[in-house]
Amino acid sequence: MESPERTIESRERPPRADLIVDFIRHGKTVYGEALKGKIRELGQDPDKFKQMPKVEESGQDQREQLEGKITAEGEIELLESARKLAGMIDKENEVVGIMIGTRTRHIQSAKIIEQELIAQGIEVVRTKEHEDLVDVKGGGWYTFVDYVLKHQGKSDADLEQFWWEMYRDKETRKDMSSKGYEHLGDIAIRTEKVVELLRRFVRRFNIGKTLRIISVASDINLEQIQQKGVPLENRDQIWVKNADVVEIKIWNNKDDGSLLKEEIVKPFE
């Protein structure tokens, strides 16, 4: 007599996940004077532009001025999160790697996290930078500002309100795509592509341990991961703090490598 078919829900949950991805937002950031120049190019007065991030006079290089430098406060935030992550890691049964976005604030954040994990006795395999783990492709967030200003036809558009519009309005998203700009759905897709890349790796190479990837990215990436599976029109606007973590755990079917279970949580809450 054949045994009853076992559904995903009824299968016994394995004791350890096959893959864990800890998406962590970069630490608090300051920008340089070059960013003000970019905002002026968009026809804005950076001293009055209400969406302007913190800018300081510094000797930062051009890229760091545009993409951000981690502040002393940001380093403290990242160290605290790294220590919490270290406490979650099973040193005997996990292989730990780092995959990060390409912005300077991602690279600097990853270095702080990596050094702290090593100080906590955790061996870290540095993986690589990945272009899909950035907020908005192109020049950075000011690329998105440029689109919002043009789309709304205003000199000082409300970016926060525009996020809501992107969630709700399919025509706005269609318009963005037609003009070569990314919308939230695009960011969600490419962030998920990184997770799928790691899934395929784990399915193909049975390393006998859990693969844990610490992935430094931007708030938009983390927000889209949290709301995976929810149609854009029904999503909430959520805020991810600097150095916050959104974690994905994945268990595979040991027989054929298919997805058995997936969990998305904020482990520090």
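1. Start with a definition. Ala, Val, Leu, Ile, Met, Phe, Trp, Tyr, Cys and Pro count as nonpolar; Asp, Glu, Lys and Arg count as charged; the others, Gly among them, count as polar. By these classes, the lining of the second largest pocket has four nonpolar, six polar and five charged residues. Keep in mind that this is a predicted model.

2. Stay with that pocket. The volume of the second largest pocket is about 290 Å³. It is lined by 15 residues, and Asp18, Val202, Asn206, Asn252 and Lys254 are the closest to its centre.

3. Now the largest pocket. Its volume is about 900 Å³. Its lining counts 30 residues. Nearest the centre of the largest pocket lie Arg25, Tyr31, Pro53, Trp141 and Asp219. The lining divides into 13 nonpolar, seven polar and 10 charged residues.

4. Which elements give two or more residues to the lining of the largest pocket? They are helix 5 (141–152), helix 6 (159–168) and helix 9 (219–226). Helix 6 gives the largest share, four residues.

5. Next, the chain as a whole. It holds nine helices and eight strands. The C-alpha trace spans about 75 × 45 × 30 Å along its principal axes. The radius of gyration is 20 Å; a compact globule of 269 residues would have one near 18 Å, so the two agree.

6. Six strands form it, in the order 5-4-6-1-7-8. The sheet is open, and its pairing is mixed. Strand 5 (124–129) and strand 8 (259–265) are at the edges. Each has a single partner strand, so one side of each has no neighbour in the sheet. From one strand to the next, the twist averages 20 degrees.

7. Strand 1 (residues 19–25) pairs with strand 6 (residues 210–217) in the parallel sense, over seven bridges. Here Val21 has Ile213 of strand 6 as its bridge partner. Strand 7 and strand 8, by contrast, pair in the antiparallel sense, over six bridges. For Ile250, the bridge partner in strand 8 is Glu262.

8. What do strand 7 and strand 8 form? They form a hairpin, with six residues between them. Check Gly257 in the turn: its phi is positive, at about 80 degrees.

9. Helix 3 (residues 72–88) packs on it and touches strand 1, strand 4 (94–100), strand 6 and strand 7 (245–252). The direction of helix 3 makes about 170 degrees with that of strand 1. Helix 4 (residues 104–119) lies across strand 1, strand 4, strand 5 and strand 6. Helix 4 runs at about 140 degrees to strand 6.

Definitions and conventions. Residues numbered from 1 in each chain as written. Predicted model: local features only at pLDDT ≥ 70, side-chain atom pairs only at ≥ 80, totals over all residues. Heavy atoms only, no water. 1 Å grid on protein atoms, 1.4 Å probe; cavity = no way out; pocket = protein on both sides within 12 Å on 5 of 7 lines; lining within 4 Å. Points joined across faces, edges and corners; volume = space filled by probe spheres on them. Pairing = 2+ DSSP bridges. Axes fitted to C-alpha atoms, helices over the stretch in contact; angles between N-to-C directions. Contact = heavy atoms within 4.5 Å. Rg over C-alpha atoms; globule rule 2.2 N^0.38 Å.
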